[in-house]
Structures are given as C-alpha cells and as structure tokens.
Amino acid sequence: MEPMAGMHTGRGGRRSALAGGIALAGTAAFRATGPARAQGTSRATCTLADGEDTAAPVDCSGDDAARAGIAASLVARADALAQGDRDAFLATLDLRNPTWRRIQTDYFAARGASVRRVTLRGTPRALQAKPRGYVRATIEFAPPGASATEPGAGSSRASWVFSRGDDGTWRHAEPLNEELGPRRTDDRGLFVLSYYDWDADVLDRVAAVARTAWAKVGQSLPLPVDVRPTISLNPTYASHSGLRGSTTWAAYLPGSRGTVLLRSPDSYGAGTVPIGESPDDQLLVPLAHEMTHLVNDAIISIVRIPQWMSEGLAEHVAEHLRAGDMAGAVRSGRTWTLDKASDVIEWGADPARDYTPSDVSLAYAHAAHGVHYFVERFGMASFWDLAREFATSRSWDRSFVSATGTSWEAFGADWGAWLADRYGRS
Ligand SMILES: [Zn+2]
C-alpha cells in the first residue's frame, strides 16, 4: 500500500488527497440501487437509446464486441507503459477533454520517472452503458507477476470509462462537461447531494457513506444547526477546478458555508480498491475529513488557525491518524515540531520547497497526533478556546498559555515524550 499523501492549498481550498499515484475507491458498477433492472440480465449492446433512463445502472456485460475492444485497449495501454512509448500510450486515450489529456500525460511522465515500476495488466469484467456511447467498465488488475485476479491476493479493481472512436477502437476516456447532463440537487435531509445526471446511479451509495461520515463527525464535534453540507459529486477531473489535482480526493471550500467536493464513486479519479474490499467504505475517511473542515469553519474560520490544528482535527475526527507514518518517524528520530508540520502542509505542493508526498503525509500524521494529544490532555472545549483566542489575538504563545495553562514550548516537549512512549518501542 502506498503511503497516503495529503495535500492542502492555503488560499484556494482545503483538500485532502488520500492516496498516492493510484487513489482509493471506485467501481462495483452493479451495486447501485436502482430498482428497475434485475440482476443477472445483461444486454448485448452497450449503446443506450436516446433519453433512456440512467438512474438505474444499465448492465451491458453481454456485449462481447465492446468487451473485446476494451480488453484490446487495455493491452495496448499496458504495452505502451511498459515500453515507455508515449505516442502509443496517447493512442489509447480519448483526447477530446483537455483536462483528461493532462491527467494522463502527467501520469505517463511520472511513470517514466520510476523505471522499476511494474505495469499492471487489467481485464474488463462488468460493463455498464452510459449516455452518449460511453461505457463504464469494471477493470480487474492482477497483482505484479500474476496473470489471474483473486480476492485477497493483491488483486485490485477500478472503474474506467471508455468511448469508441470513429475507427471502432475503444479508448480510455472522460466525458466532456457538456456530456455529463445537467447538474441537479437531491435533498437527503441531513445534507444535499449536487450531481450530474451522469452520476444518477451512484447517489444512494454516496448518501449512505455521507450519513455515516456526518454521524462520525457528530460524535466528536457539535454539528452546526444552520449549516447543512452540500456534497458536490464530480465524475471527471474537468468537472470542478477544486478537484483538478491528480491525487485530490475531496475538498472543502473555505467560506462556502457547506460545500464539500467529492470524486464520484466509479470514476477513474476514485482509483482502485483491493478486490474484496468495499470501494464505498474508502470514501468515508475523505468525506469525514472534509466535513470536519466544514464544521470547523462554522465554529471558527478555518483560515485563521494553524494548519496543524485544522488538518489535525480533520484527521483526528476521521480516525485517520496515519499511525504507521508517525511510528516510523519516531523510531528513526525524524519527528518535527507542529510548527514545521504546519509549514509542510501549507507548502507541500510547492515545487520550490522540495517536499515529497511522503513528507506531506508525515506532516498530516504529526498534525493528527498533535490534535489527538491536545484533546486527550485538555479536552475539545480547550481546542476551541485556543482557536478563538488565536483567531482574535494573533499572538500564538499568549493564546496557548491562556487556553491551556501550559506554555507552547512545554506542550511540545510533553507531546514528544508522549509520542516516544506510544511509538518508541518496536
Ligand atoms: Zn484537510
């Protein structure tokens, strides 16, 4: 498992990037909940009729021609990657969407930088007809060195979209914005889902995860009565600028009073999951993380408190402490101050600073453990006392003593001892 990276932009938005080069969830094209189509029936054509209802998934796994074409496309892609052949790689893509082209060319360039990287070979399993001739395919990847996919043996699964070119070849694609259909809202009581027609078949799955995430946040924080989250689902990289980053999973827009951006399940950006694990479960951490930012922002403006407090709180509430990262840092003597963690989180994506994705993940681990220790020692009420004091006074040392009765320096030393006690023995 790759270390989970975290990314955050200070001005543009708070983002959680919860995976490395390949991200988490996606797939399970046929678990969607539409009542209409019985399981086990599949169509011999992946072409939808105009106006055909897509709120229920349309299983076209019986379309052998589409399956063979997509399989050939996957072979061509894997060969191109293995050989470092950029032109051959581009030929496997539908390049009409410029953002999609950037995501894929960046991916190719990044792979070229890691020559020992294994090329995983994917096999299309279930197919789902989507509007405008697109097909969403559940792809299974065998583990390195293996040809077959088996649950629990390192196999993974993803959901990729394909289009058929004029020459009949199938190409890895993301639809253009205008092909996603109108954006609609679906009021689910506790929250509102904002979605394109394209995602009509995954809404119930997202709602189920959102309910769990919101309840999780409510266990740690007072949920604001006047703010209801709007979860904006985005099935492509081009559908929202806040999710244009290749590893950005979800994002909260500060000051929006409630909008959380989320990658759609069953989209390329939602990444891969091990076969046998639920892709939807993996939405839970990013969603709880971003919903925590939302609640934080309703209590005190998120841009007026240090990064380690806001990001640490989000990871603490989402129960995503990155303990492995932290333990490794403690045992190798590579622990930072929380001020340093804030700096890495703030500037992690800036090439001039030279921070690596694992640095950023480690900074999130520090922040999460900093908040965890703070709350364990002083309680959540003191956390908000500190946040309010500092937001007003802008004097950190004085605010810290006032809220906790302890100096910032002494707190840092105590926290270091607590970390050593928790992780110092292997
Ligand atoms: Zn965050």
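A residue is termed buried if 20 or more other C-beta atoms lie within 10 Å of its own, exposed if 12 or fewer do, and partly exposed in between, with C-beta atoms placed from the backbone. The legends below describe a predicted model, in which local features need pLDDT of at least 70, side-chain atom pairs count only at pLDDT 80 or more, and totals for chains, interfaces and linings use all residues. Residues are numbered from 1 along each chain as its sequence is written.

**View 1. Overall content of the protein.** The secondary structure comes to 12 helices and 12 strands; helices (H or I, at least four residues) and strands (E, at least two) are DSSP runs numbered from the N terminus. Of the 426 residues, 47% count as buried. Two residues are in contact if their C-beta atoms, placed from the backbone, lie within 7 Å. Among contacts with a separation of 6 or more, 66% come from residues 24 or more positions apart.

**View 2. Leucine 223 in the loop between H4 and E9.** Leucine 223 lies in the loop that links helix H4 (203–220) and strand E9 (230–234). It counts as partly exposed because it has 16 C-beta neighbours inside 10 Å. Leaving aside neighbours within four places in sequence, leucine 223 is in contact with Val217, Gly218 and Val295.

**View 3. The nonpolar cores.** A nonpolar core is a set of buried Ala, Val, Leu, Ile, Met, Phe, Trp, Tyr and Cys residues joined through C-beta atoms within 7 Å. The largest such core has 68 residues, and those with the most contacts inside it are Leu287, Met291 and Ala367. Helix H9 (residues 357–378) gives the most to this core, with 10 residues. A second, separate core of 22 residues includes Cys46, Val135, Trp170 and Tyr268. Alanine 367 touches Gln307, Trp308, Glu311, Gly312, Glu315, Leu338, Ala341 and Ile345, not counting residues up to four places away in sequence.

**View 4. Helix H6 and its crossing with H8.** The axes of H6 (residues 307–317) and H8 (residues 338–347) come within 8 Å and cross at roughly 80°. Axes are lines fitted to C-alpha atoms, for helices over the stretch in contact, and angles run from 0 to 180 degrees between N-to-C directions. H6 is therefore roughly perpendicular to H8; angles under 35 degrees count as roughly parallel, over 145 as roughly antiparallel, 65 to 115 as roughly perpendicular and the rest as oblique. Gln307, Trp308 and Glu311 of H6 meet Leu338, Ala341, Ser342, Ile345 and Glu346 of H8. H6 is mostly covered, with 11 of its 11 residues buried. The elements covering these buried residues include H4, helix H5 (284–299), H8, H9 and helix H10 (380–393). Glutamate 319, which follows H6, has a positive phi near 55°.

View 5. Strand E5 (residues 156–164) is mostly covered, and 9 of its 9 residues are buried. Ser156, Ala158, Trp160, Phe162 and Arg164 point one way from E5, while Arg157, Ser159, Val161 and Ser163 point the other way. Two strands pair if DSSP finds at least two bridges between them. E5 runs antiparallel to strand E4 (residues 135–141), to which 7 bridges join it, and isoleucine 139 has alanine 158 of E5 as its bridge partner. Strand E12 (residues 272–274) is joined to E5 by 3 bridges, also antiparallel, with arginine 157 partnered by valine 273 in E12. A further 4 bridges join E5 to the antiparallel strand E6 (residues 170–173), where arginine 164 stands opposite tryptophan 170. The hairpin of E5 and E6 has 5 residues between the strands, and glycine 168 takes a positive phi near 90°.

View 6. E9 is largely enclosed by the rest of the structure, because 4 of its 5 residues are buried. Strand E8 (residues 192–196) runs parallel to E9 and is joined to it by 3 bridges; valine 192 is partnered by threonine 230 in E9. E9 and E11 pair in the parallel sense over 5 bridges, and isoleucine 231 has valine 260 of E11 as its bridge partner. In strand E11 (residues 259–263), 5 of the 5 residues are buried. E10 and E11 form a hairpin with 6 residues between them, and glycine 255 in the turn has a positive phi of about 80°.
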